[in-house]
Amino acid sequence: MSNLILADLLVALHFGFILFVIFGGLLVLKWPKLIWLHLPAAIWGALIEFTGWLCPLTIYENRLRSARGGGYAGGFIEHYIMPIIYPAGLTREIQIGLGIAVIALNLLVYGKLCARRNR
């Protein structure tokens, strides 16, 4: 399999992981045992945003693309997602805001889950 195809598959996996970080709490409402997968994923996603680290998936994707001369600078969100949402570019403030949004959304969902269990 070519490096570019592997890189594209990695982008799809990465995007799926991001969607799981953001919306996985809603799946936990339906299937509570998913909490053991979602909670660490949500913590990791928020940690990446708060610290400004590059996700390892971004590093691997860039390695696969750079073997063919097609790597990119910055992180996955900055390269793929931010141009759609914020065409002007990614700033630390936006990254921190995204981290806060992930935590806030998941606190709401997990709060609802706790309330439902206490009934």
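Leu 108 is exposed, with a relative accessible area of 64% (buried is under 20%, exposed over 50%, partly exposed in between; 1.4 Å probe, protein chains only). Leu 108 sits in helix H5 (helices, H or I of at least four residues, and strands, E of at least two, are DSSP runs numbered from the N terminus). Its C-alpha lies 10.0 Å in space from that of Leu 26, although Leu 108 and Leu 26 are 82 residues apart in sequence.

This is a predicted model: local features need pLDDT of at least 70 and side-chain atom pairs pLDDT 80 or more, while totals for chains, interfaces and linings use all residues. Numbering starts from 1 along each chain as its sequence is written, and side-chain values use heavy atoms, without hydrogens or water.

## The overall layout

Walk along the protein from the N terminus and the elements go α-α-α-α-α. That's five helices and zero strands. Of the 119 residues in the protein, 30% count as buried.

## What's in the core

Which residues make up the largest nonpolar core? There are five of them: Val 28, Leu 29, Val 109, Tyr 110 and Leu 113 (a core joins buried Ala, Val, Leu, Ile, Met, Phe, Trp, Tyr and Cys through side-chain atoms within 4.5 Å). Helix H1, covering 3–30, and H5 each put in at least two residues of this core. H5 gives the most, with three. In general, nonpolar side chains tend to be buried together in soluble globular proteins.

Val 28 and Val 109 are 81 residues apart in sequence, yet their C-alpha atoms are 8.4 Å apart in space.

## A buried histidine

His 14 also has its place in helix H1. Is His 14 buried or exposed? At 4% relative accessibility, His 14 counts as buried.

Phe 50, Ile 96, Ile 100, Ile 103 and Leu 107 form a nonpolar surface patch of about 430 Å² (patch residues have over 30% relative accessible area and no salt bridge; like charges are joined within 9 Å, nonpolar side chains within 5 Å). H5 supplies the largest share of this nonpolar patch, with four residues. With a relative accessible area of 35%, Ile 96 is partly exposed.

## A positive patch

Where do you find positive charge gathered on the surface? Look at Lys 112, Arg 116, Arg 117 and Arg 119, which gather in a surface patch of positive charge.

Arg 119 counts as exposed because its relative accessibility is 78%.

Terms used: Accessible areas come from the Shrake-Rupley method with a 1.4 Å probe; for residues, only the protein chains shown count as cover. A salt bridge is a side-chain nitrogen of Lys or Arg within 4 Å of a carboxyl oxygen of Asp or Glu. Lys and Arg count as positive and Asp and Glu as negative; His and the chain ends are not counted. The place of a charge is taken as NZ of Lys, CZ of Arg, CG of Asp or CD of Glu.
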